[in-house]
Amino acid sequence: MAETNRTASFTLDGESHELPVLSPTEGPDVVDIRKLYSQADVFTYDPGFTSTAACESAITFIDGDEGILLHRGYPIGQLAEKSHYLEVCYLLLYGELPSADQLETFETTVTRHTMIHEQMHNFFRGFRRDAHPMATMVGVVGAMSAFYHDSTDINDPWQREVASFRLIAKMPTIAAMAYKYSIGQPFVYPRNDLDYAANFLNMCFSVPSERYDVDPILARAMDRIFTLHADHEQNASTSTVRLASSSGANPFACIAAGIACLWGPAHGGANQACLEMLRQIGTVDRIPEFIDRAKDRNDPFRLMGFGHRVYKNFDPRATVMKQSADEVLELLGIEDNPTLQVAKELEKQALDDPYFADKKLFPNVDFYSGIILEAMGFPTSMFTPIFALSRTVGWISQWKEQLSDPALKIGRPRQLYTGAAQRDYVDVENR
Ligand code: CMC
């Protein structure tokens, strides 16, 4: 962050005020309103944070008009094609691509943390079998602070580091266990001879009674899905993690809060909602009916997997995801997949429609991810847990960054109060 020699000035009740303007490495300049209240006795009003930078960050940058997503400066397309998830984790956490030795050490450390405390198995068994895996994950990740007290002191850099490793390493185990529990199959322990993505597939799809070999191409596709979801600057769940953490809450509690926020259908829950919508549409001839509904102001229906607060051109993650969907379906010999057909035709018809063009609504990352995950054998209820496990590294990186920021203050928004003005209590007999 650099101060510029520009200032923003405004006049209020005849009095003029000047505010400094800060310059980021990329993106629009930022008016620094921190002293606004003390100087001018007014607040700003921006409920959905549409014009508000809530923090300073050096991790991820999005240019929504150009469809650009950079992690530590590297374009997501290059990372999805040339890198792999754990390398991207290292990049997000530490700011630079690792050397071969650094990567090996990092991978070994993550791998050594994949098992969860054995007693946590009992904790899983307390949930109903038909619980949504996201509900289970919110509970289990929150409960990690009860199982791993030795990494909850946020003022100890070593404990912060151990908590980061534990969360990144154990999240696939927890997601896979939530799935296995929901289908009544035994939990599968992690296998440290497999890479991160292959191990996750093994924990989800193998059973003790049969041999299961992970298809390396599917493992690569899984890894790419993890990579494409790894971080996305100050989205709702990341901002939730930051807000929770600003009070000094422990890392497991903060990440549980992030998972809870991610679950909503406007955010990470959109991948499940999108596939269910594509199934509901069912055939290409019904697409116009659903497009009309999405355009109808009196109908709450929206095209799930469409639109984004920041991307107003295209979502670069969706481009890679669409390619991956084609590759995975071809590999699995799934030709003429009706859901994919509906998705492709829906995308085409929506993009040709002036309503979507005018509002700059494009397919987002969730539009094609569900098709790949379904083809791999995941039920829709596992789509958002997979998003959550992928995003954990982003949450952790942002959490660590915030804790080392000397400007850290508890997040405490103000409000535009529109309730009753002060009045006197009235005894019940006089109401
Ligand atoms: N279908 C139909 N109309 C839409 C859609 C949609 N998917 N998205 C936005 N609009 C319309 C909306 O009705 C509004 O119209 P008007 O100006 O006439 O009132 C206009 O476009 C702007 O929408 P908004 O809700 O003010 O925009 P937002 O930036 O607050 O919301 C969004 C962004 C992603 C929540 C929204 O586009 C949406 O609900 N999309 C569907 C859910 C979805 O796919 N979410 C995944 C987001 S990407 C992954 C992630 O971040 O988790």
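Start at the second largest cavity: its lining has four nonpolar, three polar and one charged residues. In this classing, Ala, Val, Leu, Ile, Met, Phe, Trp, Tyr, Cys and Pro count as nonpolar; Asp, Glu, Lys and Arg are charged; the others, Gly among them, are polar.

The model is predicted: local features need pLDDT of at least 70 and side-chain atom pairs count only at pLDDT 80 or more, while totals for chains, interfaces and linings use all residues. Residues are numbered from 1 along each chain as its sequence is written, and side-chain values use heavy atoms, with hydrogens and water left out.

**Stop 1: the cavities**

Stay where you are. Select Gly307, His308, Tyr311, Phe314, Asp315, Phe362, Pro363 and Asn364, which line the second largest cavity. Its volume is about 30 Å³. A cavity here is a set of points, on a 1 Å grid over the protein atoms alone, where a 1.4 Å probe fits but cannot get out; lining residues have an atom within 4 Å of a point. Points are joined across faces, edges and corners, and volume is the space filled by probe spheres set on them.

How many cavities of 30 Å³ or more does the structure hold? There are two. For the largest cavity, select Met115, Ile116, His121, Thr173, Met177, Phe187, Val188, Tyr189 and Pro190.

**Stop 2: a helix pair**

Now select α7 (residues 157-182) and α18 (residues 383-403). Helices (H or I, at least four residues) and strands (E, at least two) are DSSP runs, numbered from the N terminus. A helix packing is described by the angle between the two axes and the distance between them. Here the angle is about 170° and the axes are 9 Å apart. That makes α7 roughly antiparallel to α18, a label given to angles over 145 degrees. The axes are lines fitted to C-alpha atoms over the stretch in contact, and angles run from 0 to 180 degrees between N-to-C directions.

Show side chains next. On α7, take Arg160, Glu161, Ser164, Leu167, Ile168, Met171, Pro172 and Ala175. On α18, they meet Pro385, Leu389, Thr392, Val393, Ile396, Trp399, Lys400 and Leu403. Contact means heavy atoms within 4.5 Å. By class, the residues of this contact are eleven nonpolar, two polar and three charged.

**Stop 3: the sheet β1-β2-β3**

Go to the open sheet of three strands in the order β1-β2-β3, paired antiparallel. Two strands pair if DSSP finds at least two bridges between them. β1 (2-12) and β3 (30-31) are the edges, each with a single partner strand, so one side of each has no neighbour in the sheet.

Select β1 with β2 (residues 15-23): eight bridges join these antiparallel strands. Ala2 stands opposite Ser23 in β2. Thr7 faces Pro20 in β2. The two strands form a hairpin with two residues between them. In that turn, click Asp13, whose phi is positive, about 50°.

**Stop 4: the sheet β4-β5-β6**

The next open sheet also has antiparallel pairing, in the order β4-β5-β6. Which strands stand at its edges? They are β4 (60-63) and β6 (74-75); each has a single partner strand, so one side of each is left without a neighbour in the sheet.

Four bridges join β4 to β5, and the strands run antiparallel. Thr60 stands opposite His71 in β5. Ile62 has Leu69 in β5 as its bridge partner. Four residues lie between the strands of this hairpin, where Gly67 takes a positive phi near 70°.

Move on to β5 (residues 68-71) and β6, antiparallel and joined by two bridges. His71 is bridged to Tyr74 in β6. Two residues separate the strands of this hairpin, and Arg72 in the turn has a positive phi of about 50°.

**Stop 5: two loops**

Most residues other than glycine have a negative phi. Select Glu233 in the loop between α9 (216-228) and α10 (236-246). Its phi is positive, near 40°. Finish at Lys360, in the loop between α16 (354-358) and α17 (365-376). Lys360 is not a glycine, yet has a positive phi of about 55°.

Key
Parallel < 35°, antiparallel > 145°, perpendicular 65-115°, else oblique. 1 Å grid on protein atoms, 1.4 Å probe; cavity = no way out; pocket = protein on both sides within 12 Å on 5 of 7 lines; lining within 4 Å.
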